[in-house]
Every structure is written in structure tokens, then in C-alpha cells.
Amino acid sequence: MTELPFELTGRIVPGKQLGSRLGFPTANLAYDPHSRPWPREGVYVGVARVEGEDRSYVAILNQGRHPTAPGGMPTVEAHLLGHPQQALYGARLRLCYRAFLRPEITFPSLDALRDQLAQDRRSALAWAQENEPQLTKGV
């Protein structure tokens, strides 16, 4: 396991579209969990920058196996707060994990997951307001 901050850059790949269906679209990066030391699986607040864009975004990051909707390889998913949400497939994304929010857990329903994502958003914004207030403009 590695310490924070932790940085990762990769290409955005299609995911399951579950985040979009729940109202929290994500940019997904495929990764090999054995390729290097990684932070523990879970949900983080981070800072994201899409290559070619002129600003950074507060992001809710999930690294792991998405146990409520299992299947597929482990992913790093980032919901960029305040991003216009146009299609980003193929773009390069730089992520910096800044603070651990919670472990990955299995939720009893997609509604319970959606409620937790809303809480994660509030937690990420509170962290950013205290630590990176310039990133909260337009969120």
C-alpha cells in the first residue's frame, strides 16, 4: 500500500455506465492492481485534470472492484464535480488521490449506493472547500 498523495495518469475507457444511470457519471481508467504499489481500495477525494482542458476538478475517486455491481476488472473511476460531462473516451486523465473517504462496501440496493454517492459528493466538497477552495468554483 502507498501513501497519499498518489498520482495516476491514463486513458479514459468505457465502463458499465452505472455511474451515469445513478446521476454520477464517471471517467474510468483500467489498471493492473499488481503493477505497482497502490493505495488501498476505496473511495477518495482527489483532483482531476483532463488533458487539453485548462482547469482541474474536485473528483470523487473509487478504486477497486465495485462490489455492488461486480464484474469486470478492477477500475479507478472518477466523478469530476462541475465538469460539463461531455464524452471523454480516449482522453488522458491525470488523477491525484488526496484524502481517503471510506472503504468500498456492498450496498443492499442501487438506491442506497446513490444515496451514499450524494454523501460522498458532500464530503468531497467539504474537503475541497477547506483544502483546495479554488477548485470549488462552478461546482
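Q: In this predicted model, where is the place of His66?
A: The phi angle of His66 is near 40 degrees, a positive value in a residue other than glycine. Strand S4 covers residues 57-64 and strand S5 covers residues 75-80, and His66 has its place in the loop between S4 and S5.

Q: Is His66 buried or exposed?
A: A residue counts as buried when its relative accessible area is under 20%. The relative accessible area of His66 is 12%, so this residue is buried.

Q: What is the omega of the peptide bond that joins Leu4 and Pro5?
A: Most peptide bonds are trans. Pro5, which is found in the segment before S1, is joined to Leu4 by a cis peptide bond, with an omega of about 0 degrees.

Q: Which residues touch the most other members of the largest nonpolar core?
A: Strands S1, S2, S3, S4, S5 and S6 each supply at least two residues of this core. Leu93, for example, leaving aside neighbours within four places in sequence, is in contact with residues including Leu8, Ile12, Leu29, Val50 and Leu80. Of the 20 residues in the core, those that touch the most other members are Leu93, Leu95 and Tyr97.

Q: How many residues does the other core have, the one that lies apart and has Val47 and Trp127 among its members?
A: The largest nonpolar core has 20 residues. Apart from it lies another core, with Val47, Ala99, Ala124 and Trp127 among its members, and the number of residues in this other core is 11.

Q: Which element gives the largest share of the lining of the largest pocket?
A: About 800 Å³ of space lies in this pocket, and the residues closest to its centre are Gly19, Phe24, Thr26, Asn28 and Glu77. Elements that each supply at least two lining residues are S1, H1, S2, S4, S5 and H2. The largest share, five residues, comes from S5.

Q: How many charged residues are in the lining of the largest pocket?
A: There are 45 residues that line the largest pocket. By class, the lining has 24 nonpolar and 16 polar residues, while the number of charged residues is five.

Technical notes
Residues numbered from 1 in each chain as written. Predicted model: local features only at pLDDT ≥ 70, side-chain atom pairs only at ≥ 80, totals over all residues. Heavy atoms only, no water. Core = buried A, V, L, I, M, F, W, Y, C linked by side-chain atoms within 4.5 Å. Buried < 20%, exposed > 50% of the residue type's maximum accessible area, 1.4 Å probe, protein only. Helix = DSSP H or I, 4+ residues; strand = E, 2+ residues; numbered from the N terminus. Contact = heavy atoms within 4.5 Å. 1 Å grid on protein atoms, 1.4 Å probe; cavity = no way out; pocket = protein on both sides within 12 Å on 5 of 7 lines; lining within 4 Å. Points joined across faces, edges and corners; volume = space filled by probe spheres on them. Nonpolar A, V, L, I, M, F, W, Y, C, P; charged D, E, K, R; others polar.
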